[in-house]
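Here is a friendly briefing on how the inside of this protein is packed. Have a look at the model first, then read on.

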Amino acid sequence: MKKILQDLSYAELVSLTAAAGEKPFRARQIFEGLMQGKKISALPVPASMRAALLAEYEDEPVTIKEVFTSKDGTRKFLFELADGNLIEGVVMQYQYGNTQCVSTQVGCRMGCKFCASTLGGRIRDLTAGEILSEVLAVNRFLGGSLKERQITNVVLMGSGEPFDNYENVVKFLRNLTAEGGICISARNVSLSTCGLVPAMKKFAGEGIPLNLTVSLHAVTDEERRRTMPIANKYSIAEILAACGEYFEKTGRRYIFEYSLIEGENADMPHAEALVALLKGRPCHVNLIRLNPVKERNLKGTDERTAQAFLKALLSRGISATLRRSMGSDIGGACGQLRASYLSKHSPD
Ligand code: SAH
């Protein structure tokens, strides 16, 4: 595979063009063209420059292969990478704008029992420029430009564990939030982790004040181990301490994802245990009814149970919301689209 030009920051593009003996304004032209989602072959620079770039770099690292639109307006994208690997992303429409959910790896090796992304393990990490290109491609597809972006918020909640691909993800975040580019404020970015504690602590020192989100899904380590293998490595107490550090350093409150699974974590004793765990902490809880995954035998709760759980948290002073399960008619949950595409197109 060739290199990815979208990996480079503007400063790095300036050095690249200088080293090639080109005039400095070319770096700006290349950068702006790429940020508008253009292929190298469509950049507004001399043909000789495009040819020199194409000899080393992928023309288009991420192409949109299929788009599915849900009744609720949620759009699901199947992307193809230059090496033929497939990843997926979702765009959800809200009153304040459009939120894009991006993938950070092809597959995932965290092994959560309820998640389709992990079914085939991790194939490879995405580079910073590949992750960014998911956003650039969709912004362009939706008719957005750099001045009038169609994508206003980004969540790293697609396939992959962002902190299992730390360097690329941090570089992606720097390029995503940089002035002059697509320039999405860190405040409008959420990163979800299954709780890789050392990386969470390191990230607190990166100076990227985004919304740190941790997939909790359980109230004790013992229960968490049933659905999340990573719980064998890090305890909930260590996760809470790392979240505390994040708050100290960034002033940002943190968020817990809690998927309501029938017969597992959704009754009143669990709601009370969750309150006891989180009471007094500067955090928010995002509840969601588990999106059933065909390959797994776990079910989400019904709406009434979910509402009762929400009420139990709110009435005890825990900030919480129950997220609407969006795009479930188009395989909205992580990894479902890629998994179903791969099974339909597998050789047997
Ligand atoms: N690896 C990261 C981010 C990807 S998953 C993480 O673990 O946080 C984004 C969120 O969706 C996580 O909270 C994950 O636990 C949750 N999730 C995965 N499969 C789901 C499903 N079938 N239904 C509901 N939530 C799911």
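Contact here means heavy atoms within 4.5 Å. This is a predicted model, in which local features need pLDDT of at least 70, side-chain atom pairs count only at pLDDT 80 or more, and totals for chains, interfaces and linings use all residues. Residues are numbered from 1 along each chain as its sequence is written, and side-chain values use heavy atoms, with hydrogens and water left out.

**Cores**
- Leaving aside residues up to four places away in sequence, Phe256 touches Val214, Leu216, Ile239, Leu240, Cys243, Leu278, Cys283, His284, Val285 and Asn286.
- Phe256 and Leu173 have the most contacts inside the largest nonpolar core, which has 95 residues.
- A nonpolar core is a set of buried Ala, Val, Leu, Ile, Met, Phe, Trp, Tyr and Cys residues joined through side-chain atoms within 4.5 Å.
- Buried means under 20% relative accessible area, exposed over 50%, and partly exposed in between (1.4 Å probe, protein chains only).

**Helix α9**
- Helices (H or I, at least four residues) and strands (E, at least two) are DSSP runs, numbered from the N terminus.
- In α9 (residues 268–278), the buried residues are His270, Ala271, Leu274, Val275 and Leu278.
- These line one face of the helix, because they fall within an arc of 140° seen down its axis; the arc is that of the directions from the helix axis to the C-beta atoms.
- Exposed Pro269 and Ala276 sit on the face turned away from the buried side of α9.

**Helix α8**
- Buried residues of α8 are Ile236, Ile239, Leu240, Ala242, Cys243 and Tyr246.
- Just after α8, Gly251 takes a positive phi of about 75°.
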